[in-house]
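This report concerns the overall architecture of a protein and the charged side-chain pairs within it. The structure is shown first, and the discussion follows.

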Amino acid sequence: MISYINLFLEWGKTLPISKQNELIALFKAVNNAISQEEFENRLLAFRSANQVTLTENVSTFLSDLHPLANYPSFSGNHKYIVPNLIGHSLAALNKLPTLFNPNSQLFLKEFLRYFLIQENFTKGKDILADLLNVGLISHEDTDTFQQDSAHYSKLMEQLFTFILLKKEEFPGESTHLLFYKEAVTTTLGLSFFRYVDEASIYLTLERVYFVYQHIPMEAKDRMFVFNVFLRIAFESAGNQQNNQLPDSPLLSWYKKGENKGIQDVIAGRFLTLSLEKGIVNIAYLTEKFPVISAAMHAIWQFNEKSILSNALESKELFLENAGKILDVIIKFPYLVTSGTQNTAPIYQLLQGFDIIKDSLPDAIKSNHVLQRFLLDKYLQCAAENPTLWESNVESIGNKSILDRGVLLVISAAFHRQNEMSEGKNIALFRSLISFTLEEILQTYPSELGLTFIKIIVSPDTGFGFRYGFDRQWADQMVEAALALFSQHPHLIAAENTWDDLFSGVSDALKESKIQQLNLLPELTRMILEKSALQLNLRVSLENGKEEYLLIAGLREILAALSANETSNSKHPQLTPGQLLSFVELLLDAVIKNPNWLTTSFEGNPMIREVLAIPFRTLSKIPADQRLGYDLLTQVIESELEAIERSPHLMDRIQYGESPSEKTVLEHAFNLVIAWLFPPGERAGLHKTKQLMDVIAYAIEDLVSENPNTTGLAILELILSDAVGLDLSNGIIEDQTDELVEAVLLAIATQPELIQEAPGLREIAQESAGAIHLLSIDHPEIGLEILRNLFEESAGRLTILLEVNDTQFRHLLIEALQQFATAISMERKNGRYTIKLSEDQILDLVQIIFEGVVEHPEWVEDEYIHQVLDAILQAVDAKSGGRRIPYLLVSLLFQALLPMAQERSELLEKIEFGEKREAIAISYVVERLLNLLLGLDLKDWRKVTQDEAIEAIVHFYLNLINQWDMSAASIEAAMTHLKQLVRQFATGTLSQDEFLDLLSEEDDDDEE
């Protein structure tokens, strides 16, 4: 009643002062003796006597109401005066803003119409003022129903009816007016609601009020929930439970009467969270597609025991986890829309996740951030690939493949011997779980995927995770295992087989005592990878056992490398990466040559000696000549290829000054090292590159093709100073090969060259002086001269070589020395009378060698030197004007060497003009040169053509050889020749005629 009086007082403020005083006096006269009816009658009479003139708009509005006579007071026939009084009092307040809002006017009209019904008024009279206030305020900013009063009135009537009903059902509840305010405000804001049928509106109001009544929610959450429920008002009416509460799919997860402890706090937030997630797809919130309601039911049911017993770890964790679960379900709705025995698949997943959580260490279980991370990865993996956990997937101990994979990772990160801190363990777990769930199990959702995980996390692989998770290594390990299983699929389930490989690698590394860090995982990966094609290869060991070829090979390789690493040698020291590359190179060699494991060498498999040889010999390199890994690899590759091609390189022989037998290979290495780094040599420029070039040729080509003393002898010859090879830039293979072929030919016919003295090296040393003279202007000529020497010696050493107790004599070498001396002597015009090219010198050497082979006596008494010197003296005396053609010199050498042997007087002096003397050969050559050089340049070029000059020399020397050796005879021959040459030079004789005449007269002379 007081509320009504206050409203009337508000109206009274519009009266004149005198009338206001009368109204106040009226109120003051009221006492407890006056009944309510009497007070109302007096108040009505006062109001009627002081009726104000209203504005036209207000008058029009009030005229729409029923006349005053229809609103009797409480006394007699006027029992409904209170609503009339309220309406007219508010209408008199013409300054009230809401009075002029069209929606407010509609609301007020509906309000008065509805509560004129006695039953409605009686039910709600104690809250009418509040309803009126709330309704008017709610309409101030609402314009949705301005032009649709019919739907507006219908909606208002439903709201009034609903709130009065709830007031009767739940007397004393404080939620009615708050709900009414939010209901009015929200419903008026949803234009589509006017098209909703009455049953749906009522059902929606029931459901929303249910939430308001039972679930504590913040104001913003209540508004949001109401808004969402209105949006899904098209839901079917649904069934009613026995207690008449609505059985909405969205509310079935919540049970009235069980609000205890933490449930009261989280239920509203859980509902709000679920609706927030589901509002993006309104269909998921309806009975037709009850995705969200099913998800809420599963989540709530799964956690219900903990919720009701107030045993949840954390309200925040529950809600955050629920949010993650809902996100996954919205993306993959099959998790709640399918299943057997009325159990949603998500329930099975959550059960599995609970088992996984229990397996975490106690210290980690309280890490809510990690739990959320794991849940997210777990559900995402499961949702994307249901074959990992569905019932048709083979499981062990009621654990799915997915759960078993996660448990393997947990064990690897938290339940193994390691030196990492808790923080590093967590970081490792995050990396491992991401890799296994996102990469391995998504790609291989089967036992194969589990096997890959086992391989990665197995302690036997050697990857102790001390330095965290190496993604690249894991990828490589999976690829290696995949290669193995693709060839041997039975191994996927045969854990013992690949476990044997792992333990074999681990044992081999332990036995080797190699101290390099982190080798085991890479070695394991390497063995897995190579086992794909080599798994069936086994070897029989000396103890009678069979073992995988790869494991046996790895053990021996590591043992050999360990021996090098623990020795005093400083050449070379390998990094872990280099060591792994080295092992792979050697394993490939063992695969191709398994006999290296079964062939014994001084009690050990041959592979150890194969590796020991280069390390043993290379350790002799001086300290300042560091051998890099790349060069070492090239050396080993050369060695391996050579042994594969020529197994006899591993034969033991005694060679040179070595007191004991060594393999041919080691002898060869020692020869190269001794040559490149002679004892006592001071440190100089690095020679390792030069070493590689020479070793590659020596091992791969020379010694591998001649794996015996022959190859070693030839190698020693090539490296000797006597040969004079310039090996600073490596070996010129073409030239060296020619020398080797010549030496081999000589050895084939004269084996004593390598078995007895003098040998190849001594012969080369003996010829070094002459070669040096000839190499002054032609540094590379020595190799070819030696080749010629050995070629001509082949099969003729019995003729060419004379040996006594203290020295030897090789006729070709003596001839070479005489030639070199003659060609290099100082003469009037200086050394090298004529400029000879390298090919020209070699041509002359060949002429000399061939002549000595036919006439060994040429070497006696410096005969070759005398003849050549006499020829060259004449050439020197006459070469001032023009260059003497090489062909002329060569023809003179070839003709006069045998001619002087038959006519010894050619080497004696003869007299000519004015008692001058000269050696006959010199005079013969001088006269010929006088003739030729006396020609003018045109005639000189014509006469010195090859065919012409050859015919001239032949004709001239034949004439001389027929006559006595005197100046007169020489002059006679010259006169005859001169006549023919002039005729040819002047054109009297053609070239053909000229050559024919020389040939005819030469034939006549011979007859």
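This is a predicted model: local features need pLDDT of at least 70, side-chain atom pairs count only at pLDDT 80 or more; totals for chains, interfaces and linings use all residues.

The side chain of Asp327 forms a salt bridge with that of Lys277, at an N to O distance of 3.1 Å. The two residues lie 50 positions apart and link distant parts of the chain: Asp327 belongs to helix H15 (residues 315-331) and Lys277 to helix H13 (residues 262-278). Lys277 is also partly exposed, its relative accessible area being 22%.

## A pair within one helix

Lys166 and Glu169 are joined by a salt bridge of 3.2 Å, N to O. Both residues lie in helix H9 (residues 149-169), and because they are 3 residues apart, about one helical turn separates them. Lys166 is buried, with a relative accessible area of 3%, whereas Glu169 is partly exposed at 39%.

In the salt bridge between Arg616 and Glu609, the closest N and O atoms are 2.6 Å apart. Arg616 is partly exposed, with a relative accessible area of 33%, while Glu609 is buried at 12%.

## The whole protein

The structure holds 21 salt bridges. The protein has 47 helices and 10 strands, and 52% of its 1007 residues count as buried. Among contacts with a separation of 6 or more, 71% involve residues 24 or more positions apart. The accessible surface comes to about 46,200 Å², with 48% belonging to carbon and sulfur atoms.

How values were computed
Residues are numbered from 1 along each chain as its sequence is written. Side-chain values use heavy atoms; hydrogens and water are left out. Helices (H or I, at least four residues) and strands (E, at least two) are DSSP runs, numbered from the N terminus. Buried means under 20% relative accessible area, exposed over 50%, partly exposed in between (1.4 Å probe, protein chains only). Contact means heavy atoms within 4.5 Å. Accessible areas come from the Shrake-Rupley method with a 1.4 Å probe; for residues, only the protein chains shown count as cover. A salt bridge is a side-chain nitrogen of Lys or Arg within 4 Å of a carboxyl oxygen of Asp or Glu.
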